[in-house]
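My plan is to go from single elements to the whole chain and then to single residues.

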Amino acid sequence: MQNTLLKPLLITTGEPAGIGMDIVIDVLAHHSHALSVPLIICADKYAFTERVAQLTRQNVVKKDILANMAVVDDVHTLNLSAPHPICLLHVPCASPVVAGVLNANNASMVQAQLDIAHTLASTHQIRAIITAPLQKSVMIDGGVCLDNGDKFSGHTEYFMSKAGVDKVVMMLANAKMKVALVTTHLPLKDVANAITPYAIYQTVQITHDEMVHKFGITCPKILVCGLNPHAGEDGHLGDEELTVINPVLQTFAKQGMDVSLAMPADTLFTERNLAAADVVIAMYHDQGLAPLKSHGFGDTVNITLGLPYVRTSVDHGTALTLAGTGQASSSSLRRAIDMAMMMSGG
Ligand SMILES: NC(=O)C1=CN([C@@H]2O[C@H](COP(=O)(O)OP(=O)(O)OC[C@H]3O[C@@H](n4cnc5c(N)ncnc54)[C@H](O)[C@@H]3O)[C@@H](O)[C@H]2O)C=CC1
Ligand SMILES: NCC(=O)COP(=O)(O)O
């Protein structure tokens, strides 16, 4: 079998009307010297060529990056044992792409990118997956759903379903903090019901194990947010801390894990607490991601913990108004590439 360290990374460019292709093109134009392994880039070759032309007209791209790429029309003809350094894998769009203009006809092309990525990763043919952003609403409007019929809500849940695992954890990381989430993409009104002992148990266990095995932290210090204001104020402002969250955390602490009880989330994200923590567990999306993104939006990586392969992503969305303008920063993508390299063996 091929040495894992020599296998290519695969990047999905995601929503073709968004900035996914722009940030990949920026990496190829300005940062390709930093790439130490082969890359497979999933995109529609016509849309990609057009986006390169747009960014060249904006003077953002100054060299002929297409000349250094091999274009492969069919995933089955990819040469994975001796891959070209930069390969553009053509995943055709159903409708022509206009930068900044969404078209639900192209949702199936975005799904096809994810399916290719999953198949190659789960059969160990690539080193890791890095995803550029997709537009969740387009995926749903375009009829994409999970294998069990559940509504599409993001890469995280899609790869979890494809991999057939019971639970994964969305964790975002930057130089200041790592934040893992118990719940991800669901309406706020449904969050409290989703905070179950099993969800807490799985999130803490997966986060702990991945800190040990993928990040080399022997006994990670984990701080956990409460759900309610003041972590429930002894049950007077909500009782999930007393009845659901803390009993699970106490069992982990008894086993010797360095995990806190539920802490008031408003003061958890202080410099002093963060300096002492390896990872924070938040109960829901905006509880964790608002403080995280306020300290390093653009320099943060999204990581799916608990998958049988490495998948990292950017910290931002499709930024439709920036597509084709040359204004999109590739900083988070570069960090996602570096993180995927680190997590898959350095
Ligand atoms: N990994 C993924 O697939 C993600 C997808 N999304 C999706 O993206 C869509 C748009 O989401 P929004 O909430 O508007 O967030 P967004 O991240 O696309 O935009 C938020 C703000 O940040 C700016 N921005 C984003 N990325 C930038 C970059 N690389 N360089 C410079 N400026 C940048 C945008 O112009 C905008 O002002 C939604 O459909 C959402 O679901 C959002 C986050 C992650
Ligand atoms: N807020 C994170 C986000 O929306 C990205 O989700 P996913 O597509 O990585 O699951």
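**Entry 1: helix H1**

I start with the surroundings of H1. Its buried residues pack against strand E1 (9-12), strand E2 (39-43), helix H2 (45-57), E4, E12 and H12. I note that this is a predicted model.

Next I look up which residues of H1 are buried. I find Gly20, Met21, Asp22, Ile23 and Val24 among them. Ile25, Asp26, Val27, Leu28 and Ala29 are also on the list.

**Entry 2: the whole chain**

I step back to the overall picture. The protein chain has 12 helices and 12 strands. Its C-alpha trace spans about 65 × 40 × 40 Å along the principal axes.

What radius of gyration does the protein chain have? I read 21 Å. A compact globule of 346 residues would be near 20 Å, so the value agrees with that.

I then check burial. Of the 346 residues in the protein chain, 54% are buried. For contacts with a separation of 6 or more, I note that 73% join residues 24 or more positions apart.

The surface comes next. The protein chain exposes about 14600 Å². Carbon and sulfur atoms supply 53% of that area.

I also look up the charges. There are 22 positive and 30 negative side chains. The centres of the two sets lie 6 Å apart.

**Entry 3: helix H11**

I turn to another helix. H11 runs over residues 285-294. Its buried residues are Gln287, Gly288, Leu289, Pro291 and Leu292.

What do these buried residues pack against? I find strand E6 (169-173), strand E7 (178-181) and strand E8 (221-225) among the partners. Helix H9 (265-268) and strand E10 (279-282) are partners as well.

Gly296 follows H11 and has a positive phi, near 125 degrees.

**Entry 4: the cysteines**

How many disulfides are there? The count comes to zero. I want to see the distances behind that.

I take Cys145 to begin with. The closest cysteine sulfur to its own is in Cys93, at 20 Å, and that is too far for a bond. A disulfide would need the two sulfur atoms within 2.5 Å. Cys225 is in no disulfide either, and its nearest cysteine sulfur, that of Cys219, is 19 Å away.

Are these two cysteines buried or exposed? Cys145 is partly exposed, with a relative accessible area of 33%. Cys225 is buried, at 0%.

**Entry 5: Val91**

I move to a loop residue. Val91 sits in the loop between strand E4 (86-90) and helix H3 (107-122). Val91 counts as buried, because its relative accessibility is 3% and the cut-off is under 20%.

Which residues does Val91 touch, leaving out those up to four places away in sequence? I list Cys42, Ala43, Asp44, Met109, Ala112, Gln113 and Ile116. I also check Thr12, which is 79 residues from Val91 along the chain. Their C-alpha atoms are separated by 9.9 Å.

**Entry 6: Asn246**

Asn246 lies in helix H8. It counts as buried, at 12% relative accessibility.

Leaving out residues up to four places away in sequence, Asn246 touches Glu241, Leu261 and Ala262. I check its distance to Val165, 81 residues away along the chain. The C-alpha atoms of Asn246 and Val165 are separated by 25 Å.

**Entry 7: two alanines with positive phi**

Last, I look at backbone angles. Ala231 is not a glycine, yet its phi is positive, about 50 degrees. I find Ala231 in the loop between E8 and helix H8 (240-254). Ala231 counts as buried, with a relative accessibility of 14%.

Ala319 also has a positive phi without being glycine, near 40 degrees. Its place is the loop between strand E12 (311-314) and helix H12 (331-343).

Methods
Residues numbered from 1 in each chain as written. Chains lettered and ligands numbered in written order. Predicted model: local features only at pLDDT ≥ 70, side-chain atom pairs only at ≥ 80, totals over all residues. Heavy atoms only, no water. Helix = DSSP H or I, 4+ residues; strand = E, 2+ residues; numbered from the N terminus. Rg over C-alpha atoms; globule rule 2.2 N^0.38 Å. Buried < 20%, exposed > 50% of the residue type's maximum accessible area, 1.4 Å probe, protein only. Contact = heavy atoms within 4.5 Å. Areas by Shrake-Rupley, 256 points an atom, 1.4 Å probe, with all protein chains shown as cover. Lys, Arg positive; Asp, Glu negative; His and termini not counted. Charge placed at Lys NZ, Arg CZ, Asp CG, Glu CD.
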